[in-house]
Amino acid sequence: MSTPTTETHAASSAEEPPDTADTLTAPATSATAPRAPFPGGVGEVGDRHKLNALTGLAALSLDAMASVAYGPEAIVLVLAAAGAHGLGFTLPVTVAIAALLAVLVASYRQVIAAFPDGGGSYAVAKAHLGRRTSLVAAASLVLDYVLNVAVAVTAGVAALTSAFPGLYDDRLWLCLGVLVLITAVNLRGIAESARVFIVPTAVFVVSILALVVVGLFRDAPVSTEAASGHASAMADNTTTVGVLLLLKAFAAGCSALTGVEAIANAVPSFRTPAVKRAQHAEIALGALLGVMLIGLSVLISRFGLQPVEGVTVLAQLADASFGHDLPFYVVQFATVVLLALSANTSFGGLPVLLKLLARDDYLPHVFAVKADRQVHRHGVLALAGVSAVLLVFSGGDTNTLVPLFAIGVFVGFTIAQTGLVLRWCGERGPRWRGKAALNGLGALLTGVSAVVVTTTRFHDGAWLIVLALPLLVAGFECVHRAYTRIGERLGLGRIPEPPRRDRSLVVVPVSSLTRLTSEALTAAVSLGDEVQAVTVCHADAEDRAATDALTRDWALWNPGVPLVPIPSRRRTLGWPIAAHVRKLAAAEPGLRITVLIPEVEPAHMWQRLLQNQRGTVVAHAVRRDTDAVICRLRFRL
């Protein structure tokens, strides 16, 4: 047998969440101050588990990259209401979206440089727009990240079930399986997940670029086999192309911009120099996404493609450029994989945002804790859990979730741009007018997009986001108030009184005489001025006989510690001991009471099932009903 070990817990009437003192008392600069890595030490090891520009692009841009599979299609489906004439505006609308993309990329490069601790629009709003606006930005990003996971997984599975219809009835289980896989990869660390996703990202980007280049050399579609036999999705009664229709098409196509902010939110996940690497990744993302969006739109106009039911626009373009051969299936398979894996953007960005919120006392501090491999494990698991609930709620159906998507990210875009305008106007540094004009234009465009997206999708489910956003902000405020009360009770920021010695009493619950009893009393007499052993006596004959036997044996043993029987008419163990402790405290107010609970720690995990868990029952009752210190002595077998 090994020597006993103890775990000590101080019980108090105030709230006492774990690691409160650690995080609340730390100076504000300690959480953000950069630390130079030690050669060959902890810094280098941590940096090895972070991202470079290439792996950052793979880990944090999958959402944006995958959006080319549904962004142009969303534009086409809206413009189809105006017939073939309406489809002629596909390229102009896409160019406008690409221009907004360029503004956003330029703006988020500025965000990366100005806020290297990450947080994106939350960090910008916190610095320049006030606490409440920053919480709105954070809530919008949280909602968008969670919805992105659900939409990405369901879209990927939907593409798979389109190719293999026999799997349609099992789509929910397929969605949950993909979610478990992505979660497991991210628990290995963001750098590990990035390495896993480099290949599918590269295959997708290369296949799309090849599709565009080959299509530009085609005078007509090589094949229309993919769309043959499918009903047209063109409107029967076409409408005129008005401003409202173009705004709807623009708002629908802006879903391709989701994920642009992810790199700015996760700057701390990059290797040193993190800012430069993150900026390079942001530029590469904007360039690739812009080229792919415009290239696909050019081919849509060049081939005169029309939307059909059951076949994606991207599939028609692959068919038109490559024919119905192996390259066509490569594009489809790469799309399926990337759509399913694009949920990784959220797993890279949201845990960092949750860490910042926890550091500012708006979320439980456990979200700020890093595990091995630089993983915010609790953030990853929380995201996976909420996403699983959404998948079950939607039944694995993409159309149920899409109306909720992209609203939050446009709110975040607008807040970030507005905050940067105030920053440049306040600093008035070099070229501040140009920077302010750029961000002002971005704020106007994204603000209009947010309003249009919300109003056009309100009855399709967007009202849930309008409702959830203030509720989430209220939740942040509630957590913050709780931490503020805890800080006041603990006297954070003030020098406490010097420690003093009070008379102490150690209470040891016992039920029999064993070596465990001896070890417990040995520890108790080492801890306190006075020790008292207690045993609970119930009214039935069997228990009275056991108590009498214990009393006789105790007298014969004579350990020098009194044994106090506690009579109880109720068949409980914790409540009588807690009541006894309260009586002792009332009799001598200055007395420091410790309840030392002896417990056996078995050699094997499965043997814990053999224990009666009485120690846990007593500890819970004493913690709940008294202010005594709880000491749980583990006797290892």
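Trainee: In which loop is the place of Arg 431?

Mentor: This is a predicted model, in which local features need pLDDT of at least 70 and side-chain atom pairs count only at pLDDT 80 or more, whereas totals for chains, interfaces and linings use all residues. Residues are numbered from 1 along each chain as its sequence is written, and side-chain values use heavy atoms, with hydrogens and water left out. Helices (H or I, at least four residues) and strands (E, at least two) are DSSP runs, numbered from the N terminus. Arg 431 has its place in the loop between H20 and helix H21 (432–456).

Trainee: What is the phi of Arg 431?

Mentor: Most residues other than glycine have a negative phi, and most peptide bonds are trans. Arg 431 has a phi near 55°, a positive value in a residue other than glycine. Asn 558, in the loop between H24 and strand S4 (563–568), likewise has a positive phi, near 50°. As for the peptide bonds, the one from Thr 272 to Pro 273 is cis, with omega near -5°; Pro 273 is placed in the loop between helix H13 (262–265) and helix H14 (274–303).

Trainee: Is Arg 431 buried or exposed?

Mentor: Buried means under 20% relative accessible area, exposed over 50%, and partly exposed in between (1.4 Å probe, protein chains only). Arg 431 counts as exposed because its relative accessibility is 70%. Asn 558 is exposed too, with a relative accessible area of 60%. Across the chain, buried residues make up 49% of the 637 residues.

Trainee: Why is strand S2 largely enclosed by the rest of the structure?

Mentor: Of the 6 residues of strand S2 (residues 504–509), 6 are buried, so the strand is largely enclosed by the rest of the structure. Both of its faces are covered, with Ser 504, Val 506 and Val 508 buried on one side and Leu 505, Val 507 and Pro 509 buried on the other.

Trainee: With which strand does S2 pair over 5 bridges?

Mentor: Two strands pair if DSSP finds at least two bridges between them. S2 pairs with S3 in the parallel sense over 5 bridges, and Pro 509 stands opposite Val 534 in S3. S2 also runs parallel to strand S5 (residues 592–601), to which 4 bridges join it; here Ser 504 stands opposite Arg 592.

Trainee: What do S2, helix H23 and S3 make?

Mentor: A crossover is right-handed if, with the strands pointing away from the viewer, the path from the first strand over the helix to the second runs clockwise. S2, helix H23 (residues 515–527) and S3 make a right-handed β-α-β unit.

Trainee: Which backbone oxygen does the side chain of His 538 reach at 3.4 Å?

Mentor: A polar contact is a pair of N or O atoms within 3.5 Å; within protein, one must be able to donate a hydrogen and the other to accept it, and residues adjacent in sequence count only if both atoms are side-chain atoms. His 538 lies in strand S3 (residues 530–538), and its side chain reaches the backbone oxygen of Arg 570 at 3.4 Å. The side chains of His 538 and Asp 543 are joined by a polar contact of 3.3 Å. Asp 543 is placed in helix H24 (residues 541–557). His 538 counts as buried because its relative accessibility is 12%, and Asp 543 counts as buried at 19%.

Trainee: How many aromatic pairs does a search of the whole structure find?

Mentor: Rings of Phe, Tyr and Trp (its six-membered ring) pair if their centres lie within 6.5 Å; planes under 30 degrees apart count as stacked, over 60 as edge-to-face and the rest as tilted. The search finds 4 aromatic pairs. One of them, Phe 328 with Tyr 329, is edge-to-face, at 5.2 Å centre to centre and 85° between the planes. Phe 410 and Phe 413 have ring centres 5.7 Å apart and planes at 85°, so that pair is edge-to-face. Both Phe 410 and Phe 413 lie in helix H20 (residues 407–427), 3 residues apart, about one turn of the helix.
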